[in-house]
Amino acid sequence: MMEEGVYGGGKAGAPFDPLTFIQRPQVILRAVTWLFSVIIFGCISSQGWILNKEGKEVCLYNEDSNACNYGVGISVIAFLASIGFIAGEYFFEQMSSVKTRKRYVMADMGFSAFWSFLYFVGFCYLTNQWSKSKETNYGVNNMQAAIAFSFFAIFPWAAAAYLAFLRYKQGSDQAFAPSYEAEPNTTGGYNSYPDATDPDGGYSQPPFSGQPPQPQSGTGNATVDFGYQSQSQA
């Protein structure tokens, strides 16, 4: 079992609460990206193609088939990815390995940031081709809706990438956090054992007091005698 809060997830093995799950920001964003992807590829697929005078089916975006294929392609992949990430959020709470959670968070962050960029490119691409298209009364609303929701889709994917980054940062901080509590800093020296006594009696005066040490018994007399003998010999 792992501690609660690792990479932004709950404790592994905790009971599943559907109400709490659907209220999670990651799940809400995935539902939004799923909805936007359905709208985009639905609009382009339903009325994005028309027969020209030669009877050939062409894309309404300036007869550029790549524009229609691009919009449908990134939206279909976004549709599948959104479902996959919603399922991943469900299994995220059951992941007991820190490495598994880390890989999931990194995949979420990288994919979401990349898809936000692809939708930005798609918005610019479709807008440019639509401005060059011939005037027509067929599929105008659908084409404009696809462009608008390509722009709107940039932000939930970017927000999902940002939340994944916060998860990754939280997990990294916890991985390098110390597992012990620092002892309080003590400025005073070591305290002696309360019941310990010095068998030799210890020093009777504190060190570095500035006073010369007292001579032991017999030392002073010997010094005087030596001095007296020296004077007599002189």
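**Overall build**

The model is predicted. Its secondary structure consists of 7 helices and 2 strands. Starting at the N terminus, the order is α-α-β-β-α-α-α-α-α. The chain has 234 residues, and 29% of them count as buried. Its accessible surface is about 16,000 Å². Carbon and sulfur atoms hold 60% of that surface.

Contacts also reach along the sequence. Take those between residues at least 6 apart in sequence: 78% of them join residues at least 24 apart.

| Helix | Residues |
|---|---|
| α4 | residues 98–131 |
| α5 | residues 140–152 |

**Helix α5**

Helix α5 has 13 residues. At 1.5 Å a residue, α5 should span 18 Å.

Which residues of α5 are buried? They are N142, M143, A146, I147 and S150. These residues cover an arc of only 140° around the axis, so they lie on the same side of α5.

**A nonpolar patch**

F114, F117, F120 and V121 make a nonpolar surface patch. The patch covers about 370 Å². One of its members, F120, is found in helix α4. Is F120 buried, partly exposed or exposed? Its relative accessible area is 41%. Buried means under 20% and exposed means over 50%, so F120 counts as partly exposed.

Terms used:
Residues are numbered from 1 along each chain as its sequence is written. This is a predicted model: local features need pLDDT of at least 70, side-chain atom pairs count only at pLDDT 80 or more; totals for chains, interfaces and linings use all residues. Side-chain values use heavy atoms; hydrogens and water are left out. Helices (H or I, at least four residues) and strands (E, at least two) are DSSP runs, numbered from the N terminus. Buried means under 20% relative accessible area, exposed over 50%, partly exposed in between (1.4 Å probe, protein chains only). Contact means heavy atoms within 4.5 Å. Accessible areas come from the Shrake-Rupley method with a 1.4 Å probe; for residues, only the protein chains shown count as cover. The expected span of a helix is 1.5 Å times one less than its number of residues. The arc is that of the directions from the helix axis to the C-beta atoms. Patches are made of residues with over 30% relative accessible area and no salt bridge: like charges are joined within 9 Å, nonpolar side chains (Val, Leu, Ile, Met, Phe, Trp, Tyr) within 5 Å. A salt bridge is a side-chain nitrogen of Lys or Arg within 4 Å of a carboxyl oxygen of Asp or Glu.
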